[in-house]
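Hi everyone, thanks for coming. I'd like to walk you through one structure today, so please have a look at the picture first.

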Amino acid sequence: MILNKKIVVVLPAYNAAATLEQTYNEIPFDIVDEVVLVDDCSKDNTVEVAQKVGIKHIISHEQNKGYGGNQKSCYRKALELGADIVIMLHPDYQYTPKLIPVMSHMIASDLYPVVLASRILGKGALRGGMPLYKYIANRVLTFTQNLIINQKLSEYHTGYRAFSAEVLRNIDFEANSDDFVFDNQMLCQIFNKGFEMGEVTCPTKYFEEASSINFKRSVIYGLGCLRTSVQYFLHRANIIKYRIFK
């Protein structure tokens, strides 16, 4: 614990057998109280590896529910366990678990209720192997979203996030998509509730085993992010009201 806050790390997993153990072994268990792994009907032996390394809380989806559907199970279980701080970390070892103490301290100290680990702050993204087209798309999409939403995040697309339990209880994440746009819908819900977000610089690694979506899915995701940003703008302007922001 940090300042008597219970910290739960959630791992939304899909075909993560090759990288799960390495990710798990770097989690700082001197402060982390519980780890939850949700396996989204993987085709490999992710669950067996999770059992082998000693993860106590394992949820296995019998059918693939999608990236957003996976996270919904993660957050439900973390809140059920009485978490005060929830860290969402991809188990593909693209992000280092060594940032968990920093992100947790920022929330436990009441600096920010939400902390994002940004690949864009600094120069770590390209150095870590992010494809140039993805970097450019990330920058253009983030710039556009900041204009529409009237925020100043360095990126909206990181898969490494920390939340206070208060934030998770005050947004309706269950109303969000089960697909990849879930992440952006969640951020807009958080802004809509008036919560602030902090960011920390995060080194990242791109390699064969790290999860990634193909070009077609990336385009669909990008359009979904823009649609969510426009919906947020219209909702805040009292032009059209959307269920996810109620």
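Let's begin with N192: leaving aside neighbours within four places in sequence, N192 is in contact with Y232, H235, R236 and F245. By contact I mean heavy atoms within 4.5 Å. Before I go on, a word on the ground rules: this is a predicted model, where local features need pLDDT of at least 70, side-chain atom pairs count only at pLDDT 80 or more, and totals for chains, interfaces and linings use all residues. Residues are numbered from 1 along each chain as its sequence is written, and side-chain values use heavy atoms, with hydrogens and water left out.

Back to N192, then. Its place is in helix α8; helices here are DSSP runs of H or I with at least four residues, strands are runs of E with at least two, and both are numbered from the N terminus. The side chains of N192 and R236 are joined by a polar contact of 3.2 Å, and a polar atom of the N192 side chain lies 3.1 Å from the backbone oxygen of F245. A polar contact is a pair of N or O atoms within 3.5 Å; within protein, one must be able to donate a hydrogen and the other to accept it, and residues adjacent in sequence count only if both atoms are side-chain atoms.

Is N192 buried or exposed? It's buried, because its relative accessible area is 14%, and buried means under 20%, exposed over 50%, partly exposed in between, using a 1.4 Å probe and protein chains only.

How many residues of α8 are buried? 11 of the 11, so the helix is largely enclosed by the rest of the structure.

An open sheet of 7 strands runs in the order β3-β2-β1-β4-β6-β5-β7, with mixed pairing. Two strands pair if DSSP finds at least two bridges between them. At the edges you find β3 (57–60) and β7, each pairing on one side only. From one strand to the next, the twist averages 20°. Helix α8, residues 182–192, packs on this sheet, touching β4 (85–89), β5 (114–118), β6 (160–164) and β7, and its direction makes about 35° with that of β6. For angles, axes are lines fitted to C-alpha atoms, for helices over the stretch in contact, and the values run from 0 to 180 degrees between N-to-C directions.

Now the rings. How many aromatic pairs are there? The count comes to 6. The rule is that rings of Phe, Tyr and Trp (its six-membered ring) pair if their centres lie within 6.5 Å; planes under 30 degrees apart count as stacked, over 60 as edge-to-face and the rest as tilted. Y75 and F173 have ring centres 5.7 Å apart and planes at 75°, so this pair is edge-to-face. The pair links distant parts of the chain, 98 residues apart: Y75 is in helix α3 (residues 66–80), and F173 is in the loop between α7 (165–170) and α8. Y75 is buried at 0% relative accessible area, and F173 counts as buried at 5%. Ring pairs also link Y75, F163 and F173 into a cluster.

Y232 lies in helix α9 and F245 in the segment after α9, so the pair ties together parts that are 13 residues apart in sequence. Both Y232 and F245 are buried.

On to cysteines. A disulfide is a pair of cysteine sulfur atoms within 2.5 Å, and by this rule the count comes to 0. C188 counts as buried at 2% relative accessibility, and C225 is buried at 0%.

Last stop, T204, in the loop between β7 (197–201) and α9 (215–236). T204 counts as buried at 4% relative accessibility. Its side chain reaches the backbone oxygen of Q94 at 3.2 Å. Not counting residues up to four places away in sequence, T204 touches Q94, R119, G124, A125 and G128.
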